[in-house]
Amino acid sequence: VEQSEKKIRIVYENLKRLTGPFNTTTELSNFQIITNLKLLNFKVRFETGQNCYLFIPLTRRLDIEREVDVIEEVVRTIGFNKFEPLNLRNYEVGSLTKIEKLKRQLRNYFINLGFNESIHSILMKKTSEDEIRLKNPLFNESSALRLSLLDGLIEKIQFNQKNIGKSFETFELGRVYKHLVDGDKKEVEVISGVFGGKNFRSNWGSENSTINWFEAKGLLETFLEKLNIPVSIYWNPANNYGTKFHPNLTTELFIGGKKLGVFGQIHPTLALKNNISRKVYLFEMDIEVLNHFSQSKTLINYLPYSSYPISNV
């Protein structure tokens, strides 16, 4: 078999550590590793008791670039059924982590408010230089990792408006990918939402209208109160959010000195372009920051009853 000039160093211990024992009594031997590599048409050179070097077949030079790719080939030929399953005795089985409980609480809160949950792919068409581009994308429409969940939610609002003629509230829990200041990349888990744009009557004596900016902001404030966050929360006006948010009606949310997210009205140009209401509001919050400051669900903050009944003037 014709070989390429590219060679990869394989450390036996790395392969054994990633695959686990061959069965309950013995683990994969060096001889078995070398035998499988040769059956896969790899040319093995410079063998020692700890490692070896492989020359890659010319036909596999594009899909085998690292040591872990070779390990995957070995596992595929040996068979996953020959490896011992993960031992869960040292793990806490049947319990939810704190962040998973928080995500379920977020999901229940917005669903109970009448929001619809959306799910979109993390891959999207590259539209700006800030996006992280895949090295070998399958299609141009899925060539970059998303920077925000709001693009997909706005598209869904626009699609619903075009086909049904009605707006609706929607949210999504998912991951976004961003460049850091030092040039590194980070995966962030966020919750984003789009709501507003519906006409309804809030008082008997008033006409139908959409919620205003302060009422939309109050929806998020009520939500944060239910998380029993023990530190101060404050809002800071912002105007550097490009074409999604209104330049004068956008604010950043900070909690305990850390930036939690952003809330604001949709940019008028974006609303006009997608033929949706200008009274639509967007938000995106970092779930990891929320998880850091949120308290247990069992913690209850008691408030005194109001001395006066509710009245609308």
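I'll start with Phe223, which, leaving aside neighbours within four places in sequence, is in contact (heavy atoms within 4.5 Å) with Leu106, Tyr109, Phe110, Met285 and Leu290. This is a predicted model, where local features need pLDDT of at least 70, side-chain atom pairs count only at pLDDT 80 or more, and totals for chains, interfaces and linings use all residues. Residues are numbered from 1 along each chain as its sequence is written, and side-chain values use heavy atoms, with hydrogens and water left out.

Next, the cores. A nonpolar core is a set of buried (under 20% relative accessible area, 1.4 Å probe, protein chains only) Ala, Val, Leu, Ile, Met, Phe, Trp, Tyr and Cys residues joined through side-chain atoms within 4.5 Å. The largest has 29 residues, and Phe223 is among those with the most contacts inside it, as are Phe110 and Leu290. Elements giving two or more residues to this core include α4 (98-112) and α6 (213-225); helices are DSSP runs of H or I, at least four residues, and strands are runs of E, at least two, numbered from the N terminus. The largest share, six residues, comes from α6. A second, separate core of 20 residues includes Tyr12, Leu28, Leu37 and Ile71.

Now Arg146. This residue is found in the loop between β7 (144-145) and α5 (150-164). Arg146 is buried, with a relative accessible area of 7%. Its side chain reaches the backbone oxygen of His120 at 3.3 Å, a polar contact being a pair of N or O atoms within 3.5 Å; within protein, one must be able to donate a hydrogen and the other to accept it, and residues adjacent in sequence count only if both atoms are side-chain atoms.

Notes: Buried < 20%, exposed > 50% of the residue type's maximum accessible area, 1.4 Å probe, protein only.
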